[in-house]
Amino acid sequence: MSRHLPARDGADVEDAPGPAAGPRPAEEPDLAPELTANSEPAVEPELAPEPELTAHPELSVEPGPAVEPGPAVEPGFEVVEAVRRPGPTTRARVGQMRSGTIHERRDDLATEEPLEIRVQAGEERRTVAITMRTPGHDFELAAGFLYGEGVAAPADIASIAYCVDEDVPPEARYNTVTVRLRGGLPDLPSLDRHFVTSSACGVCGTASLDALRGRCSPLPDQEDVLVSPEVLYGLPERLRSAQGIFGKTGGLHAAGLFTAGGEPLAVREDVGRHNALDKLVGWAMMTGRLPLAGYVLMVSGRTSYEIMQKALTAGLPVVCAVSAPSSLAVDLAREFGMTLVGFLREERFNLYAGAHRIGR
């Protein structure tokens, strides 16, 4: 295993919205919602458990050391409880100061653990990234990350599995995902930045913009989607109401996919804003929904170059955030014809690019 590689930092949550976490309920939190192609778009405040993966028709999922039980587990895959997989929250005893006295109580913390993402073709294998993430939807995270970096399209992926190598201790197997590719390993120079820097904002610059120009074209200039200000005003609360784990911990980012009418399709949470978006794109990839033209992305933190890059590669025309964008995020949005909304709070927002998609 290539454990000498530094991790991508996903733990930046200083601008996540919401009040400080208070006393927690005793129930374990459930994972964020997703909708199948035949279900109505709705997100419930109390989130129901769901399977780890709904696969794209061309993509198979190898059974790892254990597969999370659920009604949508693909037939033919054995469900085995080998080791306890890490959950999205971790319980801890904390001291809470009230009226000059410290009271001990239980608290739920957002789990943060490393995930090593490997690609394999035949007998050749390479670690492409190590990211600090909140466990849950790990296969989506791996698929979405590889898609956003231009490494693999849905047709390129043969299978995704947790690590079952004998040299890996059982407790570490849920922190390593192997994506088996059809054909040989691609050239991966664009991923070097994930090993030399740690930033939840993305440190990319001119070289990354040049590389992106070679992979992506500007979005259509016509009104491919039109969103009213009234719909935008309601997105932060709709996203927040779907954040079941944030409601119990106060420490997670979220990325939500919405229709132009404001109906939620899927929401993903993670300690890293870029991880939450990778999970969302991975979900769309595995359910055959890419590209996401005509939809709206809402994120809980600020908007970085990395968020805009992932949105662009997924075909998302409108990106909204509760906080500010970076200068490079604005440059990317303007160059590639994207709509970028920032400081979306209550009934106001700043419009940085793509005004033609916002109704009057």
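Which residues of H7 are buried? I found Tyr 305, Glu 306, Ile 307, Met 308, Gln 309, Lys 310, Ala 311, Leu 312 and Thr 313. I took buried as under 20% relative accessible area, exposed as over 50% and partly exposed as in between, with a 1.4 Å probe and protein chains only. H7 is mostly covered, with nine of its nine residues buried.

A note on the basis: this is a predicted model, where local features need pLDDT of at least 70, side-chain atom pairs count only at pLDDT 80 or more, and totals for chains, interfaces and linings use all residues. Residues are numbered from 1 along each chain as its sequence is written, and side-chain values use heavy atoms, leaving out hydrogens and water.

Next I looked at H7 (residues 305–313) with H8 (residues 327–335): their axes come within 8 Å and cross at roughly 25°. H7 and H8 are therefore roughly parallel to each other (angles under 35 degrees). On the H7 side, I listed Tyr 305, Met 308, Gln 309 and Leu 312 as making the contact (heavy atoms within 4.5 Å). Leu 328, Ala 329, Leu 332 and Ala 333 make the contact from H8.

I also checked what follows H7: just after the helix, Gly 315 has a positive phi of about 85°.

Last entry, Arg 273: I found this residue in helix H6 (residues 273–286). Arg 273 counts as buried because its relative accessibility is 3%. The Arg 273 side chain makes a polar contact with the side chain of His 253, at 3.4 Å. For a polar contact I used a pair of N or O atoms within 3.5 Å; within protein, one must be able to donate a hydrogen and the other to accept it, and residues adjacent in sequence count only if both atoms are side-chain atoms.

Methods: Axes are lines fitted to C-alpha atoms, for helices over the stretch in contact, and angles run from 0 to 180 degrees between N-to-C directions. Helices (H or I, at least four residues) and strands (E, at least two) are DSSP runs, numbered from the N terminus. Angles under 35 degrees count as roughly parallel, over 145 as roughly antiparallel, 65 to 115 as roughly perpendicular and the rest as oblique.
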